[in-house]
Amino acid sequence: MNEIRIEPLLERLLTDAPTQRAPESLRADIARATGHVRRRPPWLAYLKEPPMRFRSRLVVGSPRIRIAAVVVAVAVLLTLGGAALAASSLVPGPTSAAPPYLTNFCDLASLDEVRGILGDDAATVVHGEGRSLHTGLDACVWRAEVPDERVLGVQDWAPSMYDMAKSQPGAFNPDGTLTPVAGLGDDAFVVTSPAEADLYVKKGARAAWVFYRPSKADFYRPGPGENAAQLQQIATQMGTLVAERMSGAPSAVGDLCQLLTPDDIRAALPWTGPNDAIGATSFATHCDWLGLGATDYLSVYDVPMADFDASKSLGGTSVPGMGDEAFVLTVDNQPTLYIRKGDRAAAISTPHLSDMVQEYSPDDELKIGAVVAERLAAPSQPILSSASTTP
Amino acid sequence: MQRELVIRAKQGDHDAFTRLVDGSVDRLYTVANLILRDSDRAQDAVQEALVSAWKDLAVLREPDAWDAWLYRLTVWACYRHARRDRRRAIVELNALPDAEIDQIADFALPLAERDRLERELARLPVEQRAVIVTHFYLGFPISETAEILGVPLGTTKSRLNRGLGTLRGAFAADSGASPHVVQAEAP
């Protein structure tokens, strides 16, 4: 019996297994469920559905679109947290043309300017710094709710992703058409589809992404009277303001992507792919690492002390023994780990979307947080203790 | 024909999707049953997989990969259902005594082996069972099994080896044990 070969038995057992007839009730349930359920908008579908290769070909999804989809999802969720924070009270307009780093992103346009761009001076507009999810340190989102919900936002954008979006606009907006925009920053273009418009602008060492999403009750459909040309016009008007006011200076905190190596990530998080499958994208205020797995996504942000303190004031669970001070702030089931060491702080987020195949536990964030805490530079120094920075 | 239906379904044609479901649901249900060993949970998993397919059809780039994608969605739905129940369910498996198997007439031995193999298969972790079902029942080579399951090739091979090793060990066990009840974690 020790010499038994189990494979032939299995083959016989399983290949002989008759195909079972699914119950009629199951067929009816599927027909009923799919007949009533709304299809996800493409960006959300790309977010939910991990890429799949089959016979060496990419047959499902796209890693690149997924990056953009994650960014879009974050931006949308930021609006919710921002709105909650703002509690419908209007925040004063811009006070300066400060560089669009950190929370200054919201200074890129005043509420009156946003109302003007949306073509409705009476619109109820709230904007938030988006502290609800992933810290919101790299974006500002304005939302008009009356008569229909409309979202206008600007987000820190990596120059490398600018070039990619320009060379492959379909990767970010599958139905979009690219139109160059003259006179904005060093280079700019807008990608417009019937349901959304995205403007990308590059200036010096930085780039920005401006997005406009009209949103009716049916997810992301243009409102009445909004055609593609109008969507493009709104994004371009906002892009003009952003291009004028954004800084083109390199990131003040250096390249955050040098903070962690693929080995660090794989040792702390349950990522499945090899090291060379882990890609890092450097932004002005954070670094995104992306792996092959469905939830292999990690962001580490530089956090100004004002934002650290503000986040702490929202509550959170203290994490003893990490840096000088650390806490986990959970909003909308999304925990973010904040760490302070002297006057330097960082925030760490991994995906906690509930219907992903593999979810992270809070412990995972703590593991990667321990590595980050160890490497945070001394007070008043660039965030990287050993890497060169370009202030 | 299927390719055309997939393209139409991607464009929002629900009738085309329903016809695709008609052509796939029996096989998906069988796969889910083999992995979950429970018809109710298999139905739930298949429904979940097909609703996901409808909602996310925009991301299917190659219509010819429809079947492979559905298998992936179904296996992953099975994982979710298995994990959901793992902590709360303990089932009792009534195991045939080995001595009884030995007494079965020669002509009935394959049936005994089949019965025992099914029981041992049911005791494997769901991840190992999914590899075995995808490889042996659906007939995909190991490399394509890994792609469908969405795990590295090495992981797929090791799950398969561990699963086969467990089954081999169970079959090689000494005979003559008295009738017993085995407590096992539900998959």
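Visitor: Which helix of chain A holds A:Ala243?

Guide: A:Ala243 sits in helix H8, residues 228–245 of chain A. The model is a predicted one.

Visitor: Why is A:Ala243 called buried?

Guide: The term buried applies under 20% relative accessible area. A:Ala243 has 5% relative accessibility, so the residue counts as buried.

Visitor: What does A:Ala243 touch, leaving out residues up to four places away in sequence?

Guide: A:Ala243 touches A:Leu184, A:Gly185, A:Val201 and A:Lys203. A:Leu108 is 135 residues away from A:Ala243 in sequence, yet the C-alpha atoms of the two are 9.3 Å apart.

Visitor: What is the make-up of chain A as a whole?

Guide: Chain A has 11 helices and 16 strands. Of its 391 residues, 55% are buried. The accessible surface of chain A is about 15700 Å², with 52% belonging to carbon and sulfur atoms.

Visitor: What makes A:Arg206 and A:Asp156 a salt bridge?

Guide: The rule asks for a side-chain nitrogen of Lys or Arg within 4 Å of a carboxyl oxygen of Asp or Glu. For A:Arg206 and A:Asp156 the N to O distance is 3.8 Å, and the pair is a salt bridge. It links distant parts of the chain, with A:Arg206 in strand S9 and A:Asp156 in strand S5, 50 residues apart. Both A:Arg206 and A:Asp156 are buried.

Visitor: How do you know that A:Arg340 and A:Glu325 form a salt bridge?

Guide: The closest N and O atoms of A:Arg340 and A:Glu325 are 2.8 Å apart, and the cut-off is 4 Å. A:Arg340 belongs to strand S15 and A:Glu325 to strand S14, so the pair ties together parts 15 residues apart in sequence.

Visitor: Why is A:Glu325 called partly exposed?

Guide: Partly exposed covers the range between buried, under 20%, and exposed, over 50%. A:Glu325 has a relative accessible area of 22%, and is therefore partly exposed.

Visitor: What makes B:Arg168 and A:Glu7 a pair that joins two chains?

Guide: B:Arg168 forms a salt bridge with A:Glu7, the closest N and O atoms being 3.3 Å apart. B:Arg168 lies in helix H9 of chain B and A:Glu7 in helix H1 of chain A, so the pair joins two chains. B:Arg168 has a relative accessible area of 27% and is therefore partly exposed.

Visitor: What does chain B consist of?

Guide: Chain B has nine helices and two strands, in the order α-α-α-α-β-α-α-α-α-α-β along the sequence. Buried residues make up 53% of its 187 residues.

Visitor: Why is B:Thr156 called buried?

Guide: The relative accessible area of B:Thr156 is 0%, so the residue is buried. B:Thr156 is in helix H9, residues 153–172 of chain B.

Visitor: What makes B:His81 and B:Glu48 a polar contact?

Guide: The cut-off for a pair of N or O atoms is 3.5 Å, and the side chains of B:His81 and B:Glu48 are joined at 2.9 Å. B:His81 is in helix H4 of chain B. With a relative accessible area of 7%, B:His81 is therefore buried.

Visitor: Why is B:Arg37 called partly exposed?

Guide: B:Arg37 has 31% relative accessibility, and so counts as partly exposed. B:Arg37 lies in the loop between helix H2 and helix H3 of chain B. Its phi is near 55°, a positive value in a residue other than glycine.

Methods:
Residues are numbered from 1 along each chain as its sequence is written. Chains are lettered from A and ligands numbered from 1 in the order in which they are written. This is a predicted model: local features need pLDDT of at least 70, side-chain atom pairs count only at pLDDT 80 or more; totals for chains, interfaces and linings use all residues. Side-chain values use heavy atoms; hydrogens and water are left out. Helices (H or I, at least four residues) and strands (E, at least two) are DSSP runs, numbered from the N terminus. Buried means under 20% relative accessible area, exposed over 50%, partly exposed in between (1.4 Å probe, protein chains only). Accessible areas come from the Shrake-Rupley method with a 1.4 Å probe; for residues, only the protein chains shown count as cover. Contact means heavy atoms within 4.5 Å. A polar contact is a pair of N or O atoms within 3.5 Å; within protein, one must be able to donate a hydrogen and the other to accept it, and residues adjacent in sequence count only if both atoms are side-chain atoms.
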